[in-house]
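Hello,

Here is the structure we talked about, for you to open and look through. My notes on it follow below.

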Amino acid sequence: MTNLLILAAEEGEHLVQAGDGGWWADTAGIMLILPFVAFGLIMAFGKRLKHQGGEIAVAALGINLVWATILFVANLTGGVLDQTTFEIARIGSGLVFELGWVVDGLSIMMYFLVNFVGLLVFIYALGYMKGDVRVPWFFAAFSLFAGAMLILVGAPNLVQMIIGWEGVGLASYFLIGFYWDDLDNVKAGNKAFMTNKVADVGLILGAIIIGVTLGTFDFDALDLAAIEHSEALAGVALVGGFLLFFGAMGKSAQFPFHIWLPDAMAGPTPVSALMHAATMVTAGIYLMARTFPLFQNLATEARGWMVAIGAITLLAIGLLALVANDIKKVLAYSTVSQLGYMMTAVAAGGYTAGLFHLFTHAFFKGLLFLGAGSVIHAVHSNDLTDMGGLRKYMPTTYWTFVVGSLALAGIFPLAGFWSKDEILATLQFEGYVAFMWIAIAGAFVTAFYMTRAVALTFFGEYKGHAEPHESPRIMTGPLVGLAIPSILFGLLNIPGVSWPGIGNFTEWLGIRVVAMGDHHAEAIDFALAGMGFGAALLGIALGWMIWGKDRNTQQARDRFEVPALYPLLRHKYYVDDAALGLVWATSNPLARFVDWTNTYIIDGIVNAVGGGTKFLGGLVYNGLDQIGVDGVFNGLSAAADSAGSALRKIQTGRVQEYAAGFVAGALILVVLFVFVI
Amino acid sequence: MIVNQFLVLAAALFALGVYGLLVRRNIVLILLSVELMLNAVNINLVAFEAMLNTPEALGQVFAIFVITVAAAEVGIGLAIVLMIFRNRRSANVDELNLMRW
């Protein structure tokens, strides 16, 4: 069970000091199973309960959160490093397939995140989904979503990670297409599923290449091999690393796979909140972090490309948020942009920086989505042009949304400021200065579009038709619950600051089998932090000038379009069209060819086979069966019939005739015995 | 010892029994004929025992067996005859041809 502790001990130079977490780590697998139990219970009994199964889902995640919190606290104070696995199958002589759970700094952080954000979103959903269609199915699929993510997060090897990975994809498909009465939602679900599936091929191929090379799929073996610069692994590191990155690009919506994420807004808002905060889209970043030593030590040539893709994503997709009119799509583009930050950071070598942004982002992005859901609940529209002036009607939603926006924009001292600053510092230290400037520009854009969203939603005059009202307490409670960490959690990782007794986020996250070896700044770089902060302030100021100030020109500012860029942005850089065009260009001739072969060749063969079979069947039936076989049996039965009619006459019913026969037989026997034998 | 005279007697009795069995029409007489055949066999058994003089006296034992079986047979046979007579007011075997084809 604790084989990885032994492995770590053998690797003296990379040794990480940690406890084994005791009973709570040994039983942490319960977190991976409970959501699936909840799934089954909700499917079976959900309909009969008061909240239609919602209470079961909340209870499951509530129990999970107890485990996650205890492990989280244990990790704060001494570090927890443990692994429990069960052998499921053995392939050939060497490859072993195991299931189990890892408990280390990285997975504990994710357990905590998924269960904490998940619990609040589930509670929120109790209010949000009230009176909606198919509520039990919603909570069942939602539990499945969280459960699959926990399977993924707890994976001790690539195989289990793929299982969770696909489970998350499946659950997201259910949830994005939740309102399947409308064909557009079904299409959005299909788009998400298929886009992900293309990228998944990369993950699976990468896992196979690495697993076969190492002889095991275990992450600890991979980490150790990477740290030791194992020659076998070095040979495939670049290809394997790129393939894993390819898979991560799909789930974490990196350019050009980002196209599925905005469409995924078709699902209910709590789904978007959970998907964007803690579960699905973080999976790619998590994969990169889990296999971080591979990229840090071996696949170093890939890093420049990965940083570039992350940087393109963070700036280009961030700009798209400026033209989106659907409040959820603004947030979706913002998520893609922030995922670009995380990917850039992890790829550049900032293990802690990327994951810290993932951690803080989960809280404020979850908060923003739940806030958007609260607004949509009130005005019955997703469209920013139907909102405006809502701060008077929805005070709690308003101030929590503003907190989330400021945190996202990176305003001191909220969470986003610290995590974004750390990414900038990493990019600078690792020598990706050009990308650092892109990231600063991204900070400006982030602040810019969030100002637009806040101004159009909460300021000015109300333009909608429904009667706006504050959401019930079951929905505002989770908003407050997420606003507090959005404000405070940035303080967990101030460069150079170690809180007495608990240390800081960098130390907690470093509890892995091997030391990650990423760089940590010893103190705040005020010039860099100032630049990031200045860019954010500039974005807010400019955004406020355009969208916030002048109430009299409301319509003009609603219609404000970013000069020059607008047509490009409006069409989302034509990536969706290009993807669709690519699919058309390749699949249409293929489909025609397949159709032709189907009609003329396969149908011909099938018809010929069918006709031949029919003819043969007729022959057999008429010739062989009717005449031959039936004739034999009819003849036999007729013979038996006539013989029976003849022979039954013997049965006269007169006893003395039988006796005479008996005597005659006896006489014949006597004659035989006496004279013949 | 010579057993010829006993064998001749037994054969005559047996033939009489067979004759009676085949030609009599009254069921009671047919049963009597069967008894005649059994007793012919008994005579043979006793005669051969007297000649061979086995230590276990097997012939006599078998004769006693046959008498016992014959008594049981007559008991059951007469009971059946009685029932048939009660049902059909007749003891003529020619009329008892229900079990025919």
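The place where the two chains meet comes first: 11 residues from chain B and 11 residues from chain A make up the contact. On the side of chain B that touches chain A, 8 of the residues are nonpolar, 1 is polar and 2 are charged.

Please keep in mind that this is a predicted model. Its scores are ipTM 0.85 and pTM 0.73. For chain B, the mean pLDDT is 90, with 99% of the residues at 70 or more.

Next, a pair of helices in chain A. How do α18(A) and α21(A) lie relative to each other? Helix α18 of chain A covers residues 395–409 and helix α21 of chain A covers residues 473–488; they pack at an angle of about 30°, and their axes are 9 Å apart. Angles under 35 degrees count as roughly parallel, so α18(A) and α21(A) are roughly parallel to each other. The crossing of α18(A) with α21(A) is left-handed.

Among the residues that meet there are A:T400, A:V403 and A:A407 from α18(A), and A:L479, A:A483 and A:I487 from α21(A). Sorted by type, the residues of this contact are 6 nonpolar and 6 polar, with no charged ones.

Last, a helix in chain B. Helix α3 of chain B runs over residues 58–88, which is 31 residues. From first C-alpha to last, α3(B) reaches 44 Å, close to the 45 Å expected at 1.5 Å a residue. After α3(B) comes B:R89, which has a positive phi, near 55°.

Regards

Key. Residues numbered from 1 in each chain as written. Chains lettered and ligands numbered in written order. Predicted model: local features only at pLDDT ≥ 70, side-chain atom pairs only at ≥ 80, totals over all residues. Contact = placed C-beta atoms within 7 Å. Nonpolar A, V, L, I, M, F, W, Y, C, P; charged D, E, K, R; others polar. Axes fitted to C-alpha atoms, helices over the stretch in contact; angles between N-to-C directions. Helix = DSSP H or I, 4+ residues; strand = E, 2+ residues; numbered from the N terminus. Parallel < 35°, antiparallel > 145°, perpendicular 65-115°, else oblique. Left-handed = near helix turned anticlockwise from the far one by under 90°. pLDDT = per-residue confidence, 0-100. Expected span 1.5 Å × (residues − 1).
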